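Hello,

Here is the model you asked about, with notes on what turned up in it. Please open it alongside this email.

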Amino acid sequence: MAFRTRFAPSPTGYLHIGGARTALFSWLLARKTGGQFLLRIEDTDEDRNREDAVDAILDGLRWLGIDWDEGPEIGGPHAPYRQSERLAQYQAVAAKLLAEGKAYRCDCSVDRLAALRETAKAEGGRRGYDGHCRDRDLGPDAGSTVLRLRVPDSRDVLLDDLIKGAVRWDSAELDDFILVRPDGMPMYNFVVVCDDVAMEITHVLRGDEHLNNTPKQLLIYEAMGASQPHFGHMPLILDDQGRKMSKRFGDVAVGQYRDAGYPPEAMINYLARLGWAHGDAELFGVDELIQMFSIEGIGASAGKWDVQKLRWVSGHWLKSLPLDRVAAAMRPIFEARGYLLGERWVDAVRVLRERAHTYAEVADQAGVFFLADDQLPVDADAVATVLAPSRELVSRAAEAFAGVAAWTEAELEAAGNALCVAEGIKLGKLAQPLRVALVGQKVGPGLWQTLFILGRETSLRRMRRAWS
RNA sequence: GGUCCCAUCGUCUAGCGGCUAGGACAGUGCCCUCUCACGGCAUAAACAGGGGUUCGAUUCCCCUUGGGACUACCA
């Protein structure tokens, strides 16, 4: 069966990792079943409605490689895909509900409502709104009115959730909630249902925080006489405090991870594994995910965001992706740092990615190759304790390497080993001071690789100068 | 407060009545080695508690406890 799924973010200005994950799961389901994945912008709240806020979300999805079959920018058979442009449709549904007596007008003041909520809370729960206008049958000339749904007095509202299983509510717990505001702007629960019906969505995957909205929406489907889609409420992503991930925690926008140098493949892989499992497998490429993904594999309990594991996953992809892809991703990062890329910069990427976990780490370590000598951060302590006692040796090494015919790792290694034999020392005795001379640090890639990437000229210059 | 959800190593999880409770990240130790990484090997680490059901519960049911979400004329 082909699923029609959707992701319906509100324009917050960034793609939240929780949203990214529900989008990913929904997308995976659509791709797996040969169905469609749609994107819809929930922008009925005029207060926060900016075009660039939408773009940030689209950019995040695009970066992850999540494409949509219908939605902003590409349109589709159910256009428009912005709720702010679908007002007429909601009004038509509202008018029908009103005409059929499924909904009614209410002119209670916000003050009265607030007072009602207060007492309801103080007295221990139940409805906040008392149904005051329920049977007053207010007409169109009643002034400022909201439209409320007539909720059954006390009846079971059942949900068979794809992830949570059977959930039941008593409609007595629900208010005659508001469908449309006095100014004609429809409320969230109402538009969601209208759109999911209109767009023929078959499977709704969304965050757990929406579980309590579901009975209201179920009642709206009933009032509309529309058939309901399947619902799956995904467990939340928690921060290290065990709370729902929020801006307050720090890095909740996928853009922050992109900027921090995580490859999208890593983000996809980690996001997928957080809350979903396929046996013991940990590493998944997108194609594998599409093939392996299943709703049954989604867990019911919330999970904590673990940057350590993300980093490990990222390290895997950094090493596994085609070298040219990684190099292409690295280039702008190198340039942004003002690196002077020599002819062997791709070799540097090849060597460095084996020891890094993110693009940023590669860039950090690449400085020793691409920064001018006087820009290099030199470890003074290393120079004093490791290099200084062996300056003579390093300068003899410079002459030995100067005689190498072809500046290749193999030749360099041969020359280095020959020098050790001639000096009667072990490689370690030569390598450490040499490394400090070459890169100004005690740690770094293998000596032969370092020499090769640095090139003859720079290598010899740094050995001869030896930071003195 | 009310409604709802959740509960296996520190973390992500496997388990779908009978297992020495498995894997991965992180931790620790060893190996590899020109350093740091990478990698390899090893090690430590969990079924929240109490009742049931059952020949037998991590697994099914109930309660307790603990966590979380929601509780707008926001989405």
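Which residues is T358 in contact with, leaving aside its neighbours within four places in sequence? They are A260, G261, Y262, S314 and L318, where contact means heavy atoms within 4.5 Å. T358 sits in the loop between α12 (345-352) and α13 (359-370). T358 counts as buried because its relative accessibility is 5%. Buried means under 20% relative accessible area, exposed over 50%, and partly exposed in between (1.4 Å probe, protein chains only). Helices (H or I, at least four residues) and strands (E, at least two) are DSSP runs, numbered from the N terminus.

Before you go further, the ground rules. This is a predicted model, in which local features need pLDDT of at least 70 and side-chain atom pairs count only at pLDDT 80 or more, while totals for chains, interfaces and linings use all residues. Residues are numbered from 1 along each chain as its sequence is written, chains are lettered from A and ligands numbered from 1 in the order in which they are written, and side-chain values use heavy atoms, with hydrogens and water left out.

Now the RNA. There are 65 residues around RNA strand B, near meaning that a heavy atom of the residue lies within 4 Å of the strand. D45, R181, P182, R355 and G444 come nearest.

- R243: a polar side-chain atom lies 3.3 Å from a phosphate oxygen of RNA strand B.
- E282: a polar side-chain atom lies 2.8 Å from a base nitrogen of RNA strand B.
- G444: a backbone N or O atom lies 2.6 Å from a base nitrogen of RNA strand B.

Helix α17 gives the most to this surface, with five residues.

Next, helix α14 (residues 380-387). Its buried residues are A382, V383, V386 and L387. These lie on the same side of α14, because they cover an arc of only 105 degrees around the axis, taken from the directions from the helix axis to the C-beta atoms. Their cover includes α15 (391-402) and α17. At the start of α14, a side-chain oxygen of D379 comes within 3.0 Å of the backbone nitrogen of D381.

Best wishes

Notes: Polar contact = N/O pair within 3.5 Å; in protein donor to acceptor, adjacent residues only side chain to side chain.
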